[in-house]
Amino acid sequence: MAFNGLKKAVTLSPSVRTLPSGVPAAPLLNLAARAPADPHAHASGAGPRSDVPPRWTGGVSRTSSGLVSKTFTTLSPTTPSSVRFMHTTPAVKDAPEVPDFSHYRANDNDNNRALSYFMVGTMGLVSASAAKSTVTEFLKSMSASADVLALAKVELELASIPEGKNVVIKWRGKPVFIRHRTQAEIDEARDVKWQSLRDPESDDARVKKPEWLIMLGVCTHLGCVPIGESGDYGGWFCPCHGSHYDISGRVRKGPAPLNLEIPAYEFNEAEGKVIIG
């Protein structure tokens, strides 16, 4: 079902009752009442006016429907109770006085500039010296102690090792093999075709003197200690995983990937000693 809405303009009569003069009627409003007393006003105090009898602009009204309405309204007085004048004189505000700091300013001359540069340079030198001392002391505290440095090198008399024998010493917590090789062992180590080895290295590159072979006794596979004068090549044999080394300490068989490591050492010809480390 469709519904059509209609719009119609309606003119309604005013809802406020007016007097014959056209002024809206305010019931029970006394037009003879004065405004409250104002201490700044030039007029007299509060209270009813004596020159005008009290009268009310409205009262009880009855509408066409028989209803009675009363309206109570408070209006401000229509005449000002005080007169205020506009001043055309502009307000003048004194600016605050800025203190004079010229007495505290440094004189811009060469003496003061040179003193400033000297102080800055001196402070920079002192700071750099203090920083250097701090770093030096810190590094000294981190260095090895005297007992550790004493073990950094090991000396051994070579005359105590007979020809064809091995000696095992301890250096930095690791075993060191020292072999006094015979001439036959030297010739055997040199005759090997080292170019075809797993870790190619000639015998001359592994020794400083042909008769003395010095190397770390640590297997290059998993760090085991090989057994001397054993194995398929007359050198060293690692029983843990079956690595074989020849008389020059080169790996020839087994899982070891590299030859036995050669440590840093030197000979003391005057005393007949070898110094390892």
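A nonpolar core is a set of buried Ala, Val, Leu, Ile, Met, Phe, Trp, Tyr and Cys residues joined through side-chain atoms within 4.5 Å. In this predicted model, the largest such core has 15 residues. The protein chain carries 3 helices and 12 strands, and 23% of its 277 residues are buried.

**Nonpolar cores**
- Within the largest core, the residues with the most contacts are Ile169, Val176, Ile178, Ile214, Phe267, Val274 and Ile276.
- Two or more residues of this core come from each of β3 (154-157), β4 (166-171), β5 (174-180), β6 (212-216), β11 (265-268) and β12 (273-276).
- Strand β6 supplies the largest share, 3 residues.
- Beyond four places away in sequence, Ile214 touches Val176, Phe177, Ile178, Ile262, Pro263, Tyr265, Phe267, Val274 and Ile276.
- A second core, separate and made of 12 residues, includes Met215, Val251, Ala256 and Leu260.

**Helix α1**
- Thr134 lies in helix α1, which covers residues 110-142.
- Thr134 counts as exposed because its relative accessibility is 54%, and the cut-off for exposed is over 50%.
- The side chain of Thr134 reaches the backbone oxygen of Ala130 at 2.8 Å.
- Phe138 is also placed in helix α1; together with Val135, Leu139 and Met142, Phe138 forms a nonpolar surface patch with about 450 Å² of accessible area.

**Whole chain**
- The accessible surface of the protein chain is about 20900 Å², with 58% belonging to carbon and sulfur atoms.
- Of the contacts between residues at least 6 apart in sequence, 51% join residues at least 24 apart.

Note on methods: Residues numbered from 1 in each chain as written. Predicted model: local features only at pLDDT ≥ 70, side-chain atom pairs only at ≥ 80, totals over all residues. Heavy atoms only, no water. Helix = DSSP H or I, 4+ residues; strand = E, 2+ residues; numbered from the N terminus. Buried < 20%, exposed > 50% of the residue type's maximum accessible area, 1.4 Å probe, protein only. Polar contact = N/O pair within 3.5 Å; in protein donor to acceptor, adjacent residues only side chain to side chain. Contact = heavy atoms within 4.5 Å. Areas by Shrake-Rupley, 256 points an atom, 1.4 Å probe, with all protein chains shown as cover. Patch = residues over 30% accessible without salt bridge, like charges linked within 9 Å, V, L, I, M, F, W, Y side chains within 5 Å. Salt bridge = Lys/Arg side-chain N within 4 Å of Asp/Glu carboxyl O.
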